[in-house]
Amino acid sequence: MSGNELNRAASPYLLQHKDNPVHWKEWGKEALALAQRSGKPILLSVGYAACHWCHIMAGESFEDPGTAAVMNDLFVNIKVDREERPDVDHLYMTALHALGQQGGWPLTMFLAPDGEPFWGGTYFPKQSRFGRASLVTVLRSVAEAYRDQPATVMKNKSALMQALRSQPPPDAAKLPDLSARTLDEASRRAASAMDPINGGLNGAPKFPNAALIELLFRGGKRLRDREMTDLGVLTLRRIAQGGIYDHLGGGFARYSVDARWLVPHFEKMLYDNAQLIELLALAFRDTGDGLFKLRIEETVGWLEREMTVDGAFAASLDADSEHVEGKFYVWSKGEIDGVLGETDAELFCQVYDVSAKGNWHDEHTGQSVNILNRLDTPEPSAEDEARLGAMRQKLLAARGARIRPGLDDKILTDWNALAVAALARASGLCGEPAWLRLAERVFDALLGLMQAPGEEGYLVHARRNERCGGKAFASDYAAMTMAALALLEARVAGEAGRGPDYLAKAGTWLGVLADHYAGPDGVLFMTAAEDGDIPVRLAPIADEATPNANGVYAASLVRMAAMTGDDRYRDTADRLFEAAQASLMRYPLGHCSLFNAFDLRLHGVEIVLAGEHVAELARAALQTPYLNRTLCLAAGLPDRHVAQHQERAAGRGAA
């Protein structure tokens, strides 16, 4: 079978390539069978819709008939959306790292017809430059090696598969046991790695690293170390004032290419904004600084205005418009003057770092432009701040006339569930019931949209335009469990009847994880045992841009034990911590979500509300940081629970 088959895809990223002259296939057993019948190796290209360098490689090579002819002649070509198939992406990115190469997207891997990798890279240019061979040169060299040097290819393949299958843990005998002391050491190590001036990890590029900021907040409270907490607050303040934040439309970009948070990689991802919402709420509750609550309000406004699809949230906004990264977001001083007029523009330019010479030189256009930011600019008076709000609205309206970046409008279960949990938690911390109502609406939409057809209690991972994008991953069930428990806590004193439903959903999804995803040691695999169209089933525990499923799972198990009085959930979490401890000890900063869950396990506090009139008590409890707090009703606990005695003595209400 020949021709480009991506016109049948649901993924916006794959649809971007449906008119390429490359004979792209979607990942699956049919494409692998075609490779085995043809005897050709596979060229696997993995990317995502908002990826700038994916667009560059597509424009240079995949849209070029000459390059496509070489690809079609020598390879079976498979295109994968990493957000739709994170298991495929993780497997072959791990293989690339095993080759000693730095990862990134687009990911370009060469596989034997059975799907086993033997070589790879990331972006390859159309023309050779800067010591990097052209794509066509690489294609011909790889195809020649596959044909003429089978022993070398087999050796590479065998070594990579052994590395993927074994992934031996560090020697646990040489490491101390996981304990409160090692948890404290992980927090101190995180603090020592932070930039004391700009926040974030030292150096550039800078990513938000939400789980690491949470580790700092937890460590600061546990150790009564204000400097540690302040490093987290500093990071969030610099992010909130930097160019990584969209000061007109709300929402945060994926990362900053510099050390000051000034120059973003302009794509906006749902998962970053979800995680930052709840961290900003913690910072607001800790400091009382209205900046943090304002950024949540603006980001929630952006989600509702620009990212809502079928009642849930879309995956991402592209970095590019008109084939130029960031063009939608940057300004010249003349443009600002033209929209605001001379008097208002003078104030705006002072506060938002706008000048005629610009603060960023765009290498793609050769122009010097301005990225709006408030990193090191004068603090305006309250009166001027009000004027600036009106100016931002004028500029936002003017920006709306520009050609917009592309929207990846697929709905991802795990990313949406992160947003639901964040909105529910931020609602209580900031006293904003509208955010809780939004969280409930999105959760209800997910229950309607992401239910696996004909399988009660089972989920799908992705959906777009009435089409489902495959079975759910462990991250989907873990995040949905977290979302359900966050909603249960937020609604513990209101809307009777919803609470037990949330608890039942959480119990069902934890059961699915235990029965279909957990290995013998309790660690979750990415995929269910019965789902198999990749050569190796991996069980990673390190965080990426999102918290690892195992960290989210462990924390939900601990909370579920508190909410039900069933110690079996806590025992399951303990098995997981024991299985993961060697990796946690060896590389703590790579496993922050598991350390955060371990902190909850050791230091979690159960707040039990008893009696008939507990609404005020619930509101007060919800304003305490959610990190190590589990809130529940005595009436929902089993008869043997110690709180039942307190329930009988509570009278009108007690906590």
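## Reading a predicted model, beginning at a helix end

Modeller: Helix H20 is followed by Gly 565, whose phi is positive, near 75°, and since this is a predicted model, we shall read each feature as a property of the model.

Biologist: How many residues does H20 have, and what distance does it reach from its first C-alpha to its last?

Modeller: H20 covers residues 549-564, which makes 16 residues, and it reaches 22 Å from the first C-alpha to the last, close to the 22 Å expected at 1.5 Å a residue. At the start of H20, a side-chain oxygen of Asn 548 comes to within 2.7 Å of the backbone nitrogen of Asn 550.

Biologist: Are the residues of H20 buried or exposed?

Modeller: Buried means under 20% relative accessible area. In H20, 16 of the 16 residues are buried, so the helix is largely enclosed by the rest of the structure.

Biologist: Which contacts does the side chain of Ser 11 make, with Asp 81 and with the backbone nitrogen of Tyr 13?

Modeller: Ser 11 lies in the segment before helix H1 (12-15), and it is buried, with a relative accessible area of 1%. A polar atom of its side chain lies 3.1 Å from the backbone nitrogen of Tyr 13, while a polar contact of 2.7 Å joins the side chains of Ser 11 and Asp 81.

Biologist: In which sense do strands E20 and E21 pair?

Modeller: Strand E20 (residues 605-609) and strand E21 (residues 629-633) pair in the parallel sense, over 5 bridges. Between these strands the chain passes through helix H23 (residues 615-622), and this β-α-β crossover is right-handed. Val 605 has Arg 629 in E21 as its bridge partner.

Biologist: How is a pair of aromatic rings described, and how many aromatic pairs does the structure hold?

Modeller: Such a pair is described by the distance of the centres and the angle of the planes. The structure holds 19 aromatic pairs, and one aromatic cluster is formed by Phe 75, Phe 110, Trp 119 and Phe 124.

Biologist: Where does the charged end of Arg 82 sit, and over which face does Arg 402 lie?

Modeller: The charged end of Arg 82 sits over the ring of Trp 105, at 3.8 Å from its centre, whereas Arg 402 lies over the face of Trp 331, 4.0 Å from the ring centre.

Definitions and conventions: Residues are numbered from 1 along each chain as its sequence is written. This is a predicted model: local features need pLDDT of at least 70, side-chain atom pairs count only at pLDDT 80 or more; totals for chains, interfaces and linings use all residues. Side-chain values use heavy atoms; hydrogens and water are left out. Rings of Phe, Tyr and Trp (its six-membered ring) pair if their centres lie within 6.5 Å; planes under 30 degrees apart count as stacked, over 60 as edge-to-face and the rest as tilted. A charge sits over a ring if NZ of Lys or CZ of Arg is within 6 Å of the ring centre and within 35 degrees of the ring normal. Two strands pair if DSSP finds at least two bridges between them. Helices (H or I, at least four residues) and strands (E, at least two) are DSSP runs, numbered from the N terminus. A crossover is right-handed if, with the strands pointing away from the viewer, the path from the first strand over the helix to the second runs clockwise. The expected span of a helix is 1.5 Å times one less than its number of residues. Buried means under 20% relative accessible area, exposed over 50%, partly exposed in between (1.4 Å probe, protein chains only). A polar contact is a pair of N or O atoms within 3.5 Å; within protein, one must be able to donate a hydrogen and the other to accept it, and residues adjacent in sequence count only if both atoms are side-chain atoms.
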